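Hi there,

Here is the structure I promised to pass on. Please open it alongside this note, and my findings on its charged residues follow below.

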Amino acid sequence: VGASGTKKEDSRSLVSDAAPEIEDSRMAALQTVPLSALEELEKKMLHKQLEYEKSKLVKRQGEAIKTFDEAVSDLRREKFRLEADLKSADMKRLVLYQEFILLRESETQDLSLKTRLDGKMAERTDILSKISETRDKLETKKEEVDKLVEKKQQIFGEFDTLVEESNTFREVLLKIFTRKIKRLKKKVKDNDDEDYDSEEEEEDDDDDEDFDDEEEEEVCPPGCDQGLYEKVCDLREKRLDQEDIITEFQKSIDAFNKERETYSKKQKTIEMSLKKIDEEIAEFQKEKQNKLNAIDVVITLKMHQMEYLVDGQLPDDISMGLVFSNASLRRLKMRIKELISEKAQLKRKQKELRREHIQLHRDKKAKEQRIAELEGRAYDVQMLKFGQLIDLSILDRMGSNKGAEDLKEALKKQEVQHQLEIDEWNQKIEQAQLELTEVTKHNTACLAAVADLTHTQKQLEGVLNNTQGTLFNDPMAQRRKEIQERDRLVQVVNKQAKNIESLKQEIQVLRMKGGQVYG
């Protein structure tokens, strides 16, 4: 079995080896056989079809290659653009980093200056608020002083009404009314508080010593009405009370003025400090800006923007080049034209000035010659007339100037006329003042009459109330009225004690602020 199988395989291999040779011989035999017309036509059609397919493949291959080349070129340009942007970003980042380092180094000084500026601004705001508050207090005090002065004038008006001009004792009573006397200050006693300290008592003693020399024993002038004298003394007390109040308010005003002056000085000092700080900030910012300007900045330029050429070519070293904008270049070109026109105008002006100078020089020479001729003639005339040179200014002063005399005479007439007008107006003013005095006296008399009538009305009302009380006397109602009156008086006393305490605190504060309120 094994031998037969081997034989079969050998026979097959021999057949397979012989088959290509048989096929080649057959193809060679067929090639020698001439083709028919149909076969020739079919061969040509097949050849054309293959050529067409080949051209299509070649065209598709060219298009693919072209598309690939264009894509590669676009990618290459995009790569260059991205690389340029990245490089520009790196350079900008480097510049920003240098600026950041410089700003961080100057941050401490910048914060210090800002802190100083904020502190001084806060101080200025505080001082301005205090000045405004002090100004308001001054205005309030001045208004109160004006009211007190008006009250004092009313007291003088009451005196004029009480003691008329025709009264024979008016001068004596006026002297008594205007006399300064030693007065004890009114004190309100309290069980727990003392109203005046030892310093105020010493001031009272000093004030009393000032009036010791002027003290005289006052008595009613002989022949004068005792009631009139007492009323004058009462008016004097009112006047002195008003003067004391005005003096106290004036002291407060002086203290406020000193306080305002102190605040004003502080404000000036603060303003000077602010100005100095602003100058320091400006200098520091200028120095910081100079340091920032010293940092090199990279600018990207395109080739068509480069005009720095040497022999028609771009040099290897362009460190000496200058980056300049087109707008600035156009302005410089326009400025060149403007300078040319200005130069031409200046040349024309120079020529005109030169001609004017020559003409003035000629006129000067002619005037000098004329002056020399006149001086020569004047010398000859003086020598012939006087035999010597005479100073003409002395002759002018010695001679009479009619025009000046006329002006002096007219000036004197105007002064006399003006003086007459002034005297006339002064008489009118005196007449108006007299009329004002009469009207004031009449008004004061009316006020006094109204006051007397009001006083009489109150007395009558009191009598009527007492009569009604005696007719309808209710013990419980009377008791309730007494309790209410006592409560009212207690409230008044407590209110006065609070007012006294607040005044003492204000006096203490003013003494500590001014230091010379009562000194």
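By how many residues are E133 and K137 separated in helix α3? They are four residues apart, so about one helical turn lies between them. Please keep in mind that this is a predicted model. The two side chains form a salt bridge, with 3.7 Å between the closest N and O atoms. E133 is partly exposed at 43% relative accessible area, and K137 is partly exposed too, at 34%.

Helix α3 (residues 107-162) also holds D118 and K114, again four residues apart and separated by about one helical turn. Their salt bridge has its closest N and O atoms 3.1 Å apart. D118 has a relative accessible area of 41%, which means it counts as partly exposed; K114, at 47%, is partly exposed as well.

In helix α2 (residues 37-105), R77 and D74 are three residues apart, which also puts about one helical turn between them. Their side chains meet in a salt bridge at 2.2 Å, N to O. R77 is partly exposed at 48% relative accessibility, and D74 is partly exposed at 42%.

These pairs are among the 18 salt bridges in the structure. Salt bridges also link K152, R239 and E243 into a network.

One last thing to look at is a positive surface patch made up of K343, K347, K351, R354 and R355.

Terms used:
Residues are numbered from 1 along each chain as its sequence is written. This is a predicted model: local features need pLDDT of at least 70, side-chain atom pairs count only at pLDDT 80 or more; totals for chains, interfaces and linings use all residues. Side-chain values use heavy atoms; hydrogens and water are left out. Patches are made of residues with over 30% relative accessible area and no salt bridge: like charges are joined within 9 Å, nonpolar side chains (Val, Leu, Ile, Met, Phe, Trp, Tyr) within 5 Å. Accessible areas come from the Shrake-Rupley method with a 1.4 Å probe; for residues, only the protein chains shown count as cover. A salt bridge is a side-chain nitrogen of Lys or Arg within 4 Å of a carboxyl oxygen of Asp or Glu. Lys and Arg count as positive and Asp and Glu as negative; His and the chain ends are not counted. The place of a charge is taken as NZ of Lys, CZ of Arg, CG of Asp or CD of Glu. Helices (H or I, at least four residues) and strands (E, at least two) are DSSP runs, numbered from the N terminus. Buried means under 20% relative accessible area, exposed over 50%, partly exposed in between (1.4 Å probe, protein chains only).
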